[in-house]
Amino acid sequence: MFLQQLVNGLTIGGIYALIAVGYTMVYGVIQLINFAHGEIYMLGAFFAVTFIVGMGMPFYMAFFLAMLCGAVCGMLLDVIAYRPLRQSPRLACLITAIGMSIFLQNLAMLIWGSRPKPFPGNTLPAWFNKTWHLTHFSLTGFHLFIFAVTIIMMVGLHLLIKKTRFGKAMRAVAQNKTMASLAGVNVNKVITLTFAVAGAMGAAAGLMVGAFYNSLYPTMGYVAGVKAFAAAVLGGIGSIPGAMLGGIVLGVAEAMGAGYLSSLYRDGISYGVMIIVIVFIPAGFFGVLIKETKKSI
Amino acid sequence: MDQKRISNATLLKIGILILALVLPALPFVSQYFLHVIILIYLYMILALGLNVVPGFNGLLDLGYVGFYGIGAYTSGLLTYHFGLSFWLIIPLAFLNGALWGVLLGAPTLRLTGDYFAIVTFGFSELVVLFLTNEIWLTRGPLGLPGIAPPSVDLSWFGGPVWEFQGELPYYYLAIVMVLATIFVMQRVQDSRLGRAWFAIRDDEVAAVSCGINLLVYKVIAFGISAAFGAMGGSFFARWVTFLSPDMFKFWESFLVLCMIVLGGMGNIWGVMVGAAVLVSLSEILRDLLSALGLPVEIRFLAFGLIMVLMMRFRPAGIMPIRAVAAQMRAGRVKRRRAKATASG
Amino acid sequence: MRGKGSLLGKGLIFGLALVFCMVTGVMAADTIRIGVAGPFTGDAAAYGDNIKAGVSLKLAEINAAGGINGKKVELVWGDDLCQPKEGGNVASKFANDKSIVAVIGHVCSSATLAGMPIYVRAKMPVISATSTNETIGKVGQGWFFRNCYTDDFQGRYLASYVVKDLLGLKKVAVFHENNDYAIGLKDSFMAGAKDSGLEVTGVEGFVKGTTDFTPQLTKLLRDKPETIFLCGYHLEGALIAGQARKLGFEGPLFGGDGIDNADYIKIGGEAANNTYLTVPFLADAAGPEGKKFAEDYLAANGREVDWMSANAYDCLGILADVIAKVGTDRQKIRDGLAAMNSAEAGFEGVTGLTYFNEVGDCSKPAFVKKVEGGKFVPAN
């Protein structure tokens with residue numbers, strides 16, 4: 001059973017990691033917890049279904065297009081809701097973020113209805129359903145797909161941050177906005193593009209979850225968002241490798257906890273972890289490194 | 001400052017109070033109408049309670065519903081299992097709320113604003129999970145049905161035992177509770193405690209340099225806020241006579257937050273106006289939407305939108321606190337003068 | 001308190017108050033008004049739709065035949081979102097509307113439980129087509145009636161008949177939702193399983209809204225059960241079925257009436273096959289009236305009839321019967337319903353014979369159907 005729970009845990013963990021990275025990137029550049037990030041995750045799933053059912057697109061195409069939409073939604077969120085509040089106190093930004101989250105959830109309910117929907121059957125590539133029953137656990141093609149996507153995106157993001165100019169600009173803005181701007185970085189553009197990348201990854205996560213568990217509903221972003229945020233905090237908010245690791249650790253802890261301890265407190269594990277980490281080690285795994293170089297204003 | 005002359009504001013407040021007292025006697029007022037007005041009073045109490053933390057102290061509390069739930073279940077369980085009198089339960093729930101406020105606040109209030117908000121959110125979610133899963137204590141999802149309504153027991157000197165029936169007794173009880181809450185809030189606001197809080201809200205560093213112990217004052221604020229939330233919950237339990245854990249979801253916290261943001265954070269009268277406006281809006285939208293055949297939950301879309309727009313255009317709320325209102329007036333005067341000199 | 005801010009505030013309150021009073025005004029009408037409470041929007045809207053379809057069909061028949069004693073019947077809908085708080089609000093609204101003489105509802109037991117004290121205080125008779133929780137009868141204090149069986153009966157029936165006799169299996173894993181319906185059902189199943197000599201290999205719970213059941217399923221499957229009890233509603237049931245199959249479970253699945261919904265097959269797909277469920281109404285096993293009802297329903301709604309619609313149809317039928325005899329006084333209607341306490345005084349409807357005991361419960365038979373080839377078919 002342990003190996004199966006591990007497989008379960010790594011699957012959810014990878015998803016949490018993808019969402020957590022989005023939270024941590026945005027927090028890094030503007031020190032805002034983007035409550036509406038969970039909604040972009042949800043919209044990714046719904047857009048994909050709309051593309052597949054409404055326009056008859058094949059799966060992979062819908063996947064990429066949904067990611068694109070996620071990026072656009074992220075950018076719109078920044079430009080419309082958060083950018084005007086750059087100079088406002090933090091409380092105002094947090095409240096706006098919650099307001100946007102509620103707004104988007106209900107907008108989705110208005111457009112797609114609040115009843116959970118199945119992912120359109122038979123539109124997934126055939127190899128997703130292929131199951132391998134090994135001695136101690138089972139694995140399907142879809143599991144492998146999720147693992148692959150997660151790993152590719154993590155590596156891609158890592159390369160983006162470390163090797164590209166944009167990545168450098170992002171790190172500069174995260175360290176010190178004023179100095180970055182003095183060094184010639186268009187701060188607003190970098191921030192908006194950060195939202196775009198975060199949104200794309202979140203949308204991919206949402207789409208995969210919706211398809212894998214065969215259930216889409218407008219409030220799916222809410223719980224996933226909180227857990228992913230717990231993962232980001234665990235890893236050290238503002239640290240991207242931290243978010244990745246935090247996501248995986250949280251996913252595995254959740255699967256193990258639900259499997260071996262109480263399945264009813266499954267969500268409680270995430271909340272508990274989050275509270276304990278914040279209270280005792282607010283810097284998380286990797287946060288220590290970031291804390292010293294971050295400016296406080 | 002003319003302190004002898006009764007200001008317009010006081011006259012208005014007295015007028016509203018008289019209207020509230022005679023409301024049930026008016027012809028168009030049905031039981032349903034009273035039910036909604038009582039709901040407004042309840043949310044006023046909650047809003048006043050929450051107002052202490054973001055309004056007076058400038059800290060975002062996202063877990064208010066946790067205390068509301070604790071108060072409600074304290075009240076419900078004590079009634080269900082022991083048949084305790086409501087008049088005894090109110091102070092007990094109040095104290096229980098304060099206790100949990102202090103327990104949660106002490107380790108977490110030293111955190112920065114964002115983290116504190118998230119921890120309070122996690123706390124309220126854990127409260128709901130606890131209420132749902134610990135069936136041996138709370139009956140979990142089965143809920144607590146049949147909680148006895150409050151009663152006035154005069155039998156100890158040979159009088160009758162009179163149980164609350166219909167909405168009327170609750171109506172007047174709610175008015176009394178709202179007035180008591182307003183009284184406490186006003187006294188606190190004008191006291192040293194209140195002034196320390198405002199100092200913390202406006203500039204923590206300056207407050208510390210004036211010798212204010214941040215943690216102690218914040219914990220007191222959080223405890224008081226929690227206590228009033230629990231008190232509201234205790235009333236709620238014996239009013240609706242049925243409790244279930246899913247009545248205490250994060251949405252309630254958000255709703256009360258909406259009320260204080262809309263009404264004017266930090267302004268006692270503002271948050272009451274915010275409560276009245278949002279509860280009425282909620283009921284009106286419910287009727288409007290079902291008449292139009294649209295799903296009723298969409299009304300929450302309006303609330304999300306309201307929050308975003310308020311933060312963008314009028315973050316101080318409909319009725320800003322005095323200091324902010326004065327600043328806004330000064331700003332307007334300055335702009336008007338600038339325009340006059342520019343065109344003149 | 002001076003300045004534009006407070007004026008805006010005052011204006012807002014006044015305006016809202018005005019609209020508010022207009023909205024809460026009561027309309028008078030010369031029809032017989034019956035309240036129908038259920039979740040017409042929200043997660044559980046599928047159930048509300050069923051109830052709506054059932055009563056609407058009966059309403060059309062009644063009004064086409066001239067109404068009750070010459071007066072047309074009008075239905076007033078109350079959306080409770082399957083939540084206790086909304087249930088209370090709807091109950092308050094119905095109770096205070098003097099023109100409403102009886103209420104059909106609510107659908108979800110938790111909403112009914114929240115509303116009953118209000119109905120009792122307002123002396124409003126309530127008849128439910130679907131609330132199966134044990135305790136409602138007691139809370140109802142004589143004002144509550146239902147024409148569906150209770151979970152106590154259903155759980156035992158599942159254990160003794162479905163698992164032991166029909167499937168002939170012994171080892172059961174129980175996977176239940178953590179809500180009033182499922183917990184009541186699970187408890188009575190466990191009691192029945194003990195009496196029938198079944199072995200319960202494991203019990204796991206989940207909260208509403210879970211979509212990933214793999215950790216709990218992995219735990220349950222470790223003990224090699226022969227069948228899994230899907231103790232909850234169709235949505236989670238379908239997801240559990242899918243994930244159990246993915247984990248390699250090939251035995252039959254079974255559940256109660258909560259699983260009975262076309263969406264179970266739609267969402268579960270292939271995995272939904274080989275699932276058995278108990279339902280209060282089965283068109284194939286019903287008499288000629290039941291079969292005609294099933295045909296009319298299909299013609300009117302474009303989908304197969306389900307047990308909720310059938311019970312709701314009968315609820316309105318029962319009320320119409322009683323009102324025709326005793327008139328539109330709430331107390332008299334309640335007494336009329338209470339008088340249906342024996343087989344002779346019962347109501348013969350599409351769901352069979354209905355009569356009530358002293359707490360308003362009725363004993364009705366259960367039927368078993370299963371999913372085969374992507375469709376519901378009778379299981380015997």
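Predicted model: local features only at pLDDT ≥ 70, side-chain atom pairs only at ≥ 80, totals over all residues.

Biologist: At what angle do helix 9 of chain A and helix 11 of chain A pack, and how far apart are their axes?

Modeller: Helix 9 (residues 220–235) and helix 11 (residues 266–280) of chain A pack at about 35°, and their axes are 9 Å apart. From helix 9 of chain A, the contact is made by A:Val223, A:Val226, A:Lys227, A:Ala230, A:Val233 and A:Leu234. Helix 11 of chain A contributes A:Asp267, A:Ser270, A:Tyr271, A:Val273, A:Met274, A:Val277 and A:Ile278.

Biologist: How do the residues of this contact between helix 9 and helix 11 of chain A divide by class?

Modeller: There are ten nonpolar, one polar and two charged residues. Ala, Val, Leu, Ile, Met and Tyr are among the types that count as nonpolar, whereas Asp and Lys count as charged. A:Lys227 and A:Asp267 belong to the contact, and therefore they fall in the charged class.

Biologist: Why is helix 8 of chain B called roughly perpendicular to helix 10 of chain B?

Modeller: Helix 8 (residues 192–202) and helix 10 (residues 214–240) of chain B pack at an angle of about 110°, with their axes 10 Å apart. Angles of 65 to 115 degrees count as roughly perpendicular, so helix 8 of chain B is roughly perpendicular to helix 10 of chain B. The crossing of these two helices of chain B is left-handed.

Biologist: Which residues meet where helix 8 of chain B touches helix 10 of chain B?

Modeller: B:Leu193, B:Ala196, B:Trp197 and B:Ile200 of helix 8 meet B:Leu214, B:Tyr217, B:Lys218, B:Ile220 and B:Ala221 of helix 10 in chain B. By class, this contact has eight nonpolar residues, no polar residues and one charged residue.

Biologist: What makes chain A as compact as a globular protein of its length?

Modeller: The globule rule gives 19 Å for 297 residues, and the radius of gyration of chain A is 19 Å, so chain A is as compact as a globular protein of that length. Chain A has twelve helices and two strands, and its C-alpha atoms fill a box of roughly 55 × 45 × 35 Å along the principal axes.

Biologist: How do you know that the radius of gyration of chain B agrees with that of a compact globule?

Modeller: For 344 residues a compact globule would have a radius of gyration near 20 Å, and chain B has 21 Å, which agrees. Chain B contains 14 helices and four strands. Its C-alpha atoms occupy a box of roughly 75 × 50 × 50 Å along the principal axes.

Biologist: How many residues are in contact between chain A and chain C?

Modeller: 23 residues of chain A are in contact with 28 residues of chain C. Helix 1 of chain A gives the most to its side, with four residues. That side of chain A divides into nine nonpolar, 13 polar and one charged.

Biologist: Into which domains is chain C divided, and how far apart do their C-alpha centres lie?

Modeller: Chain C is divided into domain 1 (32–149 + 288–365) and domain 2 (152–279), and their C-alpha centres lie 29 Å apart. Their contact takes eleven residues from domain 1 of chain C and twelve residues from domain 2 of chain C.

Biologist: Lastly, what is the handedness of the crossing of helix 12 and helix 13 of chain C?

Modeller: That crossing is right-handed. The axes of helix 12 (residues 307–326) and helix 13 (residues 330–338) of chain C come within 9 Å and cross at roughly 120°.

Note on methods
Residues numbered from 1 in each chain as written. Chains lettered and ligands numbered in written order. Axes fitted to C-alpha atoms, helices over the stretch in contact; angles between N-to-C directions. Parallel < 35°, antiparallel > 145°, perpendicular 65-115°, else oblique. Left-handed = near helix turned anticlockwise from the far one by under 90°. Contact = placed C-beta atoms within 7 Å. Domains from an automatic or database assignment. Rg over C-alpha atoms; globule rule 2.2 N^0.38 Å.
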